Amino acid sequence: MARSIAFREALREALSEEMRRDDRVFLMGEEVAEYNGAYKVSQGMLAEFGPKRVIDTPISELGFTAVGVGAAQNGLRPVVEFMTWNFAVLALDQILNTASKMLAMSGGQVSCPIVFRGPNGSAGQLGAQHSTAFEALYANIPGIKVVSPSNGYDAKGLLKQAIRYEEDPVMFMESEVMYGDKCEVPESEYYIELGKADVKRIGRDVTIVSFHKMMKVALGAAAELEKEGISAEVIDLRTIRPLDWMTILESVKKTNRLVIVEEQWPFASVSSEITYRIQKEGFDYLDAPIRRITAADAPLHYAPNLVNAALPDVPRTVKLVKEVMYARK
Amino acid sequence: MATKFSRETYLYWYELMQLIRQFELMAEEKYKMEGKIRGFFHAYVGQEAIAAGAMTATRPEDLFITAYRDHGLAIAKGVSVNSCMAELYGKATGNAKGKGGSMHFFGKDCNFYGGHGIVGAQIGTGAGLAFAEQYRGTDNVVLAYFGDGAARQGILHETFNLAMLWKLPVIFICENNNYAMGTSIERTSNVIDIYKLADAYEMPADTIDGMSAESVHEGIGRAVKRAREKGGPTLLEIKTYRYKGHSISDPQKYRTKDEVDEYKSKDPIHQLLKTMRDNNLATDEEIKAIDQRVDAIVTESVKFAEESPWPDDSEVLKDVYVDQNYPFITD
């Protein structure tokens, strides 16, 4: 039986189910316990699991990340919540220099099964320091995996998978503005393998690739395009690293056109990598240059019109698709 | 007997300290004279008593983690000398399969959690190792080593705060050799006595003479007892001195020869030997036998390293993920 629950509830179910199953799993972060989560993801979890396993930290990103990494290296399976990935930059040394590299540096001896999670990307008028989307930055790092779901169903299955089966560090990207999104989620337990994209809408004329909350723009554009007789296939990457480019290539073989919509800054972004891969593996299938819409190449400003102008939207995506279709208008 | 420690303890200390010393002198020769070892190389020479005293004050189940000056502690914890020399050579038989080098020795089986290259990072990671021991309800403790330079990093302060908040079973050991690379401690802070940094977190702290294995054993022993009995962390400032430069490429223009000579006169191995002789704890023949054994182990390690194969080129993409099916990008 599926029921409609919020994205945050889907995450909570994933965390709670895995914590019930495995004593080694614990949740640590700012305001996760007594406050019930800055965004209420962990609501009620302190009451169920107690302070040993749902652990409030001081505002000490580098410190508690280091404790999580060390605990993972020594046999536990921590889930570390960042109030936003923007604050995780303070802990990047532990993620990049310790968590991602220790398996290699130790010749395979010291692994780090840890999940870092929290909201990522813009969430309205929060100003530049609370609005960065970090998928591309983390996807550049060997040794870790990067997950960026667009809905509660995927988020639950992917988070359960990350906690239970992944032996490597996983960066799990959520969104402040998606936590309230409702979604059909089955009551029975399920897992979703990392590294697999999902075709969210089948189409024949053009492929639109996106992930995270930009999937709303991609699906919105596809709905608009349908009204004009253009059939768009929409692919949700779900995992950024490793990148499931085969699913994109298979779609492009059919549509011969590719547009990528993402909230990353443009330089060395997720779309940059996809574009390289598809031009190399699918050159003969392309009937138009691969195009993309990214966030503006600038910090995100505060004014509402500047926020809108800096981020991908449905009208611009529709327009770009028409350009790769060589449509008249 | 006039000494607090047994004859066996002294013999153990002497052999371990000589093994570390001779290993490093041999490795330095292979580096400088023959070019068989490359990369950054930070010697422990002069600091061996800290490894020796720590070993007798702890159990094998206790975990050690340190910075890049890691040869001495790795050998002390029981990482094989052969695998240490092979790691310096970059060979497949190294303790990190030739992937770590001098700064990144590892021996998880011996509870040696490495050799870390970012100044201070292992202080926090070490507290995490201790968190896991506390979480599982063991009474094992973690010794997290760092240098005086790392005392000025933010991670130290965040970790001290968390370790005291959660009463983690970790002993923070500052090996204060007076120099953060080429910057003397007076030039790094208004607070010269590093042990006082613990006061801000109401953490117990102590200073120890790092040239004496006895003092190190006693100081670490007190801290270990506290941690085992759920009393939380301790900061130990162990005063020591590195005779060698910061790394093998350091011309040491920031200190005088007299200063180095003064500390050499306090050499921990010479001091230990004097105590042993003054108290008739070992005959010259016994000392000689130990020296010969150490020489043989070190010589064998060079032979082992030289005869070992390089890692296969295919190792480039191994040990990057535990996931054996990870689809690497190869073009």
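In the predicted model, Ile208(A) stands opposite Val259(A) in strand 13 of chain A. Strand 10 (residues 206-210) and strand 13 (residues 258-261) of chain A run parallel and are joined by 3 bridges; strands are DSSP runs (E, at least two residues) and helices likewise (H or I, at least four), numbered from the N terminus. Both strands belong to an open sheet of 5 strands in chain A with the order 9-11-10-13-14 and mixed pairing, where pairing requires at least two DSSP bridges between two strands. Strand 9 (198-201) and strand 14 (291-293) of chain A stand at the edges with a single partner strand each, so one side of each has no neighbour in the sheet. Helix 13 (residues 314-324) of chain A lies across strands 10, 13 and 14, at about 175 degrees to strand 14 of chain A (axes fitted to C-alpha atoms, for helices over the stretch in contact; angles from 0 to 180 degrees between N-to-C directions).

Between the chains, 52 residues of chain A are in contact with 40 residues of chain B (heavy atoms within 4.5 Å). The count of salt bridges between chain A and chain B is 3 (a side-chain nitrogen of Lys or Arg within 4 Å of a carboxyl oxygen of Asp or Glu). Arg277(A) forms a salt bridge with Asp331(B), with the closest N and O atoms 2.8 Å apart.

Residues are numbered from 1 along each chain as its sequence is written, and chains are lettered from A and ligands numbered from 1 in the order written. Local features need pLDDT of at least 70 and side-chain atom pairs count only at pLDDT 80 or more, while totals for chains, interfaces and linings use all residues; side-chain values use heavy atoms, without hydrogens and water.
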